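Please walk me through this structure, one feature at a time. I would like the general idea before each case.

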Amino acid sequence: MSNVLPDLLAAELSQVQLLLPILQQEQQALIQRQFDLVTKLIEAKLRALQALEQATAARSAYCQQQGWLSSDAIEAHLGEALPLWQELLLQARQADMLNRSNGQLIQSHEEVNRHLMASLAAARNPDIGYSADGRLSNQGAASRPLDRA
């Protein structure tokens with residue numbers, strides 16, 4: 001077997017290994033609510049993801065040229081390089097989990113901010129409410145017709 005596939009796997013693994021610490025730093029910044037740092041890390045993450053995407057595309061194109069269209073087919077042709085493939089899969093799963101949990105943290109922060117903004121708006125103007133169609137309304141309960149919500 002030539003070294004093409006192991007070299008491609010090593011390049012892809014290297015890109016995943018560059019991405020993982022960025023995701024971990026992003027998670028810590030989200031937990032500590034360091035949103036200025038999160039912005040910088042998102043930019044770094046996007047660059048790392050683009051590089052990873054290129055490495056993955058190169059490996060995928062090579063495997064398609066060889067007719068290896070599944071993980072099983074790739075594994076069958078790896079021989080001694082099988083641990084490299086397994087490590088790539090393991091670290092890629094770890095990166096995926098971190099990215100998903102970071103997304104959940106971002107979503108939680110957004111929900112808290114929405115709730116805070118709604119609370120502040122309600123405290124500032126207690127007559128603001130939502131109409132039956134879900135739009136903000138400045139009418140107090142006393143000014144609504146009796147037959148409407």
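The dialogue below goes from the whole chain to single residues.

Q: What kind of model is this, and how are residues numbered?
A: This is a predicted model, in which local features need pLDDT of at least 70, side-chain atom pairs count only at pLDDT 80 or more, and totals for chains, interfaces and linings use all residues. Residues are numbered from 1 along each chain as its sequence is written, and side-chain values use heavy atoms, with hydrogens and water left out.

Q: How many helices and strands are in the protein chain?
A: Helices (H or I, at least four residues) and strands (E, at least two) are DSSP runs, numbered from the N terminus. The protein chain has 4 helices and 2 strands, in the order α-α-α-α-β-β along the sequence.

Q: What span should helix α1 have?
A: The expected span of a helix is 1.5 Å times one less than its number of residues. Helix α1 (residues 4-31) has 28 residues and should therefore span 40 Å; its end C-alpha atoms lie 41 Å apart, which agrees. Just after α1, Arg-33 has a positive phi of about 60°.

Q: What share of the protein chain counts as buried?
A: Buried means under 20% relative accessible area, exposed over 50%, and partly exposed in between (1.4 Å probe, protein chains only). Of the 149 residues, 27% count as buried.

Q: Which residues touch the most other members of the largest nonpolar core?
A: In soluble globular proteins, nonpolar side chains tend to be buried together. A nonpolar core is a set of buried Ala, Val, Leu, Ile, Met, Phe, Trp, Tyr and Cys residues joined through side-chain atoms within 4.5 Å. The largest one has 26 residues, of which Leu-5, Ile-74 and Leu-78 touch the most other members. Helices α1, α2 (35-66) and α4 each supply at least two residues of this core, and α1 gives the most, with 11 residues.

Q: Is Leu-98 buried or exposed?
A: Leu-98, in helix α4, counts as buried because its relative accessibility is 11%. Contact means heavy atoms within 4.5 Å. Leaving aside neighbours within four places in sequence, Leu-98 is in contact with Leu-20, Leu-23, Gln-24 and Gln-27. Leu-98 and Leu-23 are 75 residues apart in sequence and 6.3 Å apart in space, C-alpha to C-alpha.

Q: Is Met-117 buried or exposed?
A: Met-117 is also a residue of helix α4 (residues 82-124), but counts as exposed because its relative accessibility is 53%.
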